[in-house]
Amino acid sequence: MPFNFIKSDLDGCVIIEPRSFGDTRGFFMESYKKSEFISNGINVEFRQDNHSFSTKNVLRGLHYQKSPSAQAKLVRVIKGSVWDVAVDIRRDSATFKKWIAVELSEKNNRMFFIPEGFAHGFLALTGEVHLMYKCSNEYAPESDAGIIWNDPEIAISWPVDNPLLSDKDLKLPFLKDSEVF
């Protein structure tokens with residue numbers, strides 16, 4: 001099997017470790033294989049791929065798309081390292097307001113599957129980060145939403161006190177003022 005699927009404590013969030021085959025020339029790995037993902041409970045049709053570039057201490061998020069454009073995401077880093085976070089924003093979930101963080105890097109090749117109903121954000125830990133992610137729905141500006149990164153109700157333990165944020169992310173609301181699932 002080319003992947004190791006590790007289920008997290010948050011229903012639907014899965015850490016995926018692809019198998020890498022390396023030699024003196026470099027390496028080869030499969031980054032996605034539909035049949036393997038389906039047989040491990042991830043039956044999602046991806047419709048958009050995104051590529052993000054960030055520098056150290058840039059924090060992007062916490063973002064999500066409201067219904068009917070909600071997105072599941074498959075996140076991976078191809079250069080550098082990030083602290084990747086998913087927050088359960090499904091009101092009826094047993095883990096509502098809980099979060100999980102995973103370090104994704106070019107060295108560990110880990111991927112992170114985040115289902116619909118979660119807010120997502122990441123912090124760049126290295127000087128240059130190239131992060132790629134697949135989305136189950138195309139981006140819809142009218143469905144764009146988010147939660148402020150340092151909401152005390154969620155209490156994420158970010159590994160930096162003063163991250164670099166966009167003007168948009170600085171103005172995101174608290175969870176209590178957000179439209180969630």
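Visitor: How much space lies in the largest pocket?
Guide: The model is predicted. The residues lining the largest pocket number 22, and His63, Lys73, Tyr133, Asp144 and Lys168 are those nearest its centre. The space in this pocket comes to about 400 Å³.

Visitor: Which element gives the largest share of the lining of the largest pocket?
Guide: Strand 5 (48–55), strand 6, strand 11 and helix 2 (167–170) are the elements that give two or more residues to this lining. By kind, the lining holds eight nonpolar, nine polar and five charged residues. The largest share is six residues, and they come from strand 6.

Visitor: What is the volume of the largest cavity?
Guide: The count is one cavity of 30 Å³ or more. The lining of the largest cavity includes His63, Lys73, Phe118 and His120. Its volume is about 50 Å³.

Visitor: Which strand gives the most to the lining of the largest cavity?
Guide: Strand 6 and strand 11 each supply at least two residues of that lining. The lining divides into four nonpolar residues, four polar and one charged. With three residues, the strand that gives the most is strand 6.

Visitor: How many residues has the largest nonpolar core?
Guide: Leu62, Val87, Ile89, Ile147, Ile156 and Trp158 have the most contacts inside this core. Strand 6 (59–65), strand 8 (81–88) and strand 11 (118–124) each supply at least two of its residues. A second, separate core of 19 residues has Leu10, Val75, Phe118 and Tyr133 among its members. For the largest core, the number of residues is 22.

Terms used
Residues are numbered from 1 along each chain as its sequence is written. This is a predicted model: local features need pLDDT of at least 70, side-chain atom pairs count only at pLDDT 80 or more; totals for chains, interfaces and linings use all residues. Side-chain values use heavy atoms; hydrogens and water are left out. A nonpolar core is a set of buried Ala, Val, Leu, Ile, Met, Phe, Trp, Tyr and Cys residues joined through side-chain atoms within 4.5 Å. Buried means under 20% relative accessible area, exposed over 50%, partly exposed in between (1.4 Å probe, protein chains only). Helices (H or I, at least four residues) and strands (E, at least two) are DSSP runs, numbered from the N terminus. On a 1 Å grid over the protein atoms alone, a cavity is a set of points where a 1.4 Å probe fits but cannot get out, and a pocket is an open set with protein on both sides within 12 Å along at least five of seven lines; lining residues have an atom within 4 Å of a point. Grid points are joined across faces, edges and corners, and a volume is the space filled by probe spheres set on the points. Ala, Val, Leu, Ile, Met, Phe, Trp, Tyr, Cys and Pro count as nonpolar, Asp, Glu, Lys and Arg as charged, and the others, Gly among them, as polar.
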